[in-house]
Amino acid sequence: MTRLPEEVHSNKAFGWAAKDSSGVLSPFNFFTRETGEKDVTFKVLYCGICHSDLHMVKNEWGNSIYPLVPGHEIVGEVTEIGCKVQKFKVGDRVGVGCMVGSCHSCDNCMNNLENYCPKMIFTYGTKYYDGAVTHGGYSNIMVVDEHFAVSIPENLPLDATAPLLCAGITVYSPLRFYGLDKPGLRVGVVGLGGLGHLAVKFAKAMGTNVTVISTSPSKQKEALENLGADSFLVSRDQDQLQAAIGTLDGIIDTVSAQHPLLPLLGLLKSHGKLVILGIPGKPFELQVFRLIQGRKLIGGSMIGGMKETQEMINFAAEHNIKTDIEVIAMDYVNTAMDRLLKGDVKYRFVIDIGNTLRPSS
Amino acid sequence: MAKSAEEENQQKAFGWAATDNSGILSPFNFFRRENGDDDVTLKILYCGVCHSDLHTLRNDWGFSFYPVVPGHEISGVVTKVGKNVTKFNIGDRVGVGVLVGSCKTCECCEQDLENYCPRIIFTYNSYNPDGTKNYGGYSDMIVVDQRYVLRFPDNLPLDAGAPLLCAGITVYSPMKYYGMTEAGKHLGVAGLGGLGHVAVKIGKAFGLKVTAISSSPQKESEAINRLGADSFLVSNDPEKMKSAIGTMDYIIDTVSAVHPLLPLLSLLKVNGKLVTVGLPNKPLELPVFPLVMGRKLIGGSDVGGMKETQEMLDFCAKHNITADIELIRIEEINTAMERLAKSDVRYRFVIDVANSLSQ
């Protein structure tokens with residue numbers, strides 16, 4: 001049985017929720033659990049707007065439970081800790097990403113891959129152990145098991161760090177797992193949105209030579225000058241594509257729209273790796289011999305485990321990696337969603353929760 | 001420009017060739033080069049019949065240069081060695097697989113991955129840099145640079161060992177490269193033909209739990225009792241496929257027919273690996289969801305380099321792995337091709353070249 005939070009909890013909270021598949025967000029009062037023994041409670045200060053928030057508020061994946069409070073790129077300051085909490089103390093800067101629970105006993109959990117645990121609990125829109133549906137970070141307060149909170153180093157700004165908790169780990173984890181993190185390797189990044197622009201920054205910080213592959217020639221200057229890419233390839237320009245055949249060791253493909261794989265496979269050297277992070281609505285067409293000739297592979301990846309998420313945050317702190325963001329007020333969120341749908345943001349909206357979320361009457 | 005054999009080559013040779021895309025093979029006289037300083041000449045004793053021979057004969061891939069003498073699973077004995085040849089002596093039992101040349105200088109060649117060299121020279125239906133043409137093993141003899149000649153370990157039979165030179169290395173190499181050899185892990189082998197049946201045997205030799213995945217329920221007993229698979233899964237039985245979801249660490253997909261990948265990807269655990277080595281003639285549908293949600297990968301692989309091919313032969317000899325073969329005479333080859341097209345062979349035809357090929 002799914003139960004409403006108010007049936008289970010008494011801790012008052014408020015945020016903005018979508019009430020139906022129109023996806024329109026409006027103020028919403030709800031309840032969270034009391035701080036448990038292993039829980040940290042924190043005041044939410046900033047929350048990034050991920051593209052999956054947009055899918056979820058409109059029920060585009062068919063699994064949304066309303067009212068739905070989105071947000072899984074959450075940062076804030078600890079206000080209360082449970083008696084068994086070891087990693088955090090009141091006043092600490094913390095972050096929560098895409099998940100707030102997992103079974104802690106399966107092979108994946110044992111290997112610090114909670115993100116692939118079959119019983120993983122998403123930060124919002126999923127039934128928690130107590131039967132209540134989880135609510136995300138477009139809200140004033142979060143209560144989470146400390147295992148699913150990460151510590152944010154002092155030199156990272158909270159607002160520009162929030163998106164690292166989803167977009168950042170989504171690109172960092174496959175760069176490591178597929179071995180595209182070695183200095184001197186040539187890595188392509190397809191799509192220059194929230195994920196793509198961070199992929200460029202992380203790949204550069206790992207010492208690779210980065211080529212941005214985009215349909216928009218207008219992004220060239222930005223990619224090279226602002227993001228630090230080494231080169232830029234217009235994916236619709238046959239001459240440029242032809243000249244770049246067989247030059248890349250790996251490609252991080254962040255595009256969710258339907259697009260052909262063949263040109264991307266062609267850009268790879270022998271033994272090259274194409275990592276797909278977006279999920280288009282339809283299957284790709286795959287000419288198998290393009291994998292066989294040159295022993296290429298296509299792999300996927302989904303966010304990362306908690307240990308690796310902390311490692312990513314620490315790496316970002318060490319290399320001064322920040323998301324390029326547009327900070328907005330809470331009441332701008334519906335406009336921001338419309339703009340996000342059109343790709344009109346460089347590169348991530350972040351809601352200034354701490355200063356702009358006001359309790360509703 | 002391609003020069004005629006007569007202009008460049010001196011040694012008379014004899015084999016069977018297809019002269020057009022009917023694919024019908026018939027006796028054919030041609031020439032091979034004299035044995036050069038780095039060359040080894042083999043008297044061919046056996047040659048396996050690979051499915052790609054059939055594709056090339058019929059020009060299915062659109063790049064057949066007739067006449068075509070097929071055959072790239074060649075075994076025999078050395079009859080001549082050039083003065084620079086250090087690896088072989090006259091009388092040695094040797095084999096030649098899918099390639100007979102490469103640039104020797106590129107990154108791939110330097111890493112013993114001649115099979116991925118952009119200038120790879122295939123054993124047949126190919127041209128050498130000097131314009132001369134290469135003919136395969138459905139013939140009495142062949143001249144090959146020693147780098148591309150393999151040594152047959154003493155206990156590896158020349159007839160049932162011949163198919164390892166293509167089918168064997170095609171499945172062995174990806175198992176090594178993609179890390180599919182950890183004892184106790186669960187390997188699925190999709191398709192039980194020439195490649196698949198060797199994959200089952202090699203998988204068992206690595207200590208894996210092996211499940212044969214096939215659309216033919218009648219292959220169950222054979223897969224388990226004769227090939228040594230631990231279990232058998234009928235790929236078009238939805239109930240059985242469902243109960244096997246998320247149970248496999250690796251899958252080698254040897255199926256050349258167009259087939260859905262989603263059911264195979266579903267059989268894999270998180271971090272599972274699907275390697276395709278079959279060559280469907282149309283694109284397959286690749287669903288992205290299981291790749292992303294379970295960090296799975298789909299990869300390809302194309303035979304193996306010379307060093308690894310020798311390692312594979314030694315491994316097979318050590319573990320007594322050979323192909324299951326049906327030995328035929330050269331004059332039966334056209335019938336064999338018809339049967340191969342219908343998958344009516346368990347599991348590889350091998351031509352008894354020395355005992356049946358005559359002018």
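User: Which strand of chain B is joined to S15(A), and how do the two run?
Analyst: This is a predicted model, where local features need pLDDT of at least 70, side-chain atom pairs count only at pLDDT 80 or more, and totals for chains, interfaces and linings use all residues. Residues are numbered from 1 along each chain as its sequence is written, and chains are lettered from A and ligands numbered from 1 in the order in which they are written. Strands (E, at least two residues) and helices (H or I, at least four) are DSSP runs numbered from the N terminus, and two strands pair if DSSP finds at least two bridges between them. Three bridges join S15(A) to residues 284–286 of chain B, and the strands run antiparallel; the partner is S17(B).

User: What is the bridge partner of Glu285(A) in S17(B)?
Analyst: S15 of chain A spans 284–286. Within S17(B), the partner of Glu285(A) is Glu285(B).

User: Which element gives the most to the side of chain A that touches chain B?
Analyst: Contact requires C-beta atoms, placed from the backbone, within 7 Å; 26 residues of chain A and 27 residues of chain B take part. S14 (268–276), S15, H10 (289–292) and S16 (297–300) of chain A each supply at least two residues to that side. With four residues, the most comes from S16(A).

User: How far apart are the C-alpha centres of domain 1 and domain 2 of chain A?
Analyst: The bounds, from an automatic or database domain assignment, are 5–166 + 323–356 for domain 1 and 168–300 for domain 2 of chain A. In contact are 11 residues of domain 1 and seven residues of domain 2. The centres lie apart by 29 Å.

Technical notes. Two residues are in contact if their C-beta atoms, placed from the backbone, lie within 7 Å.
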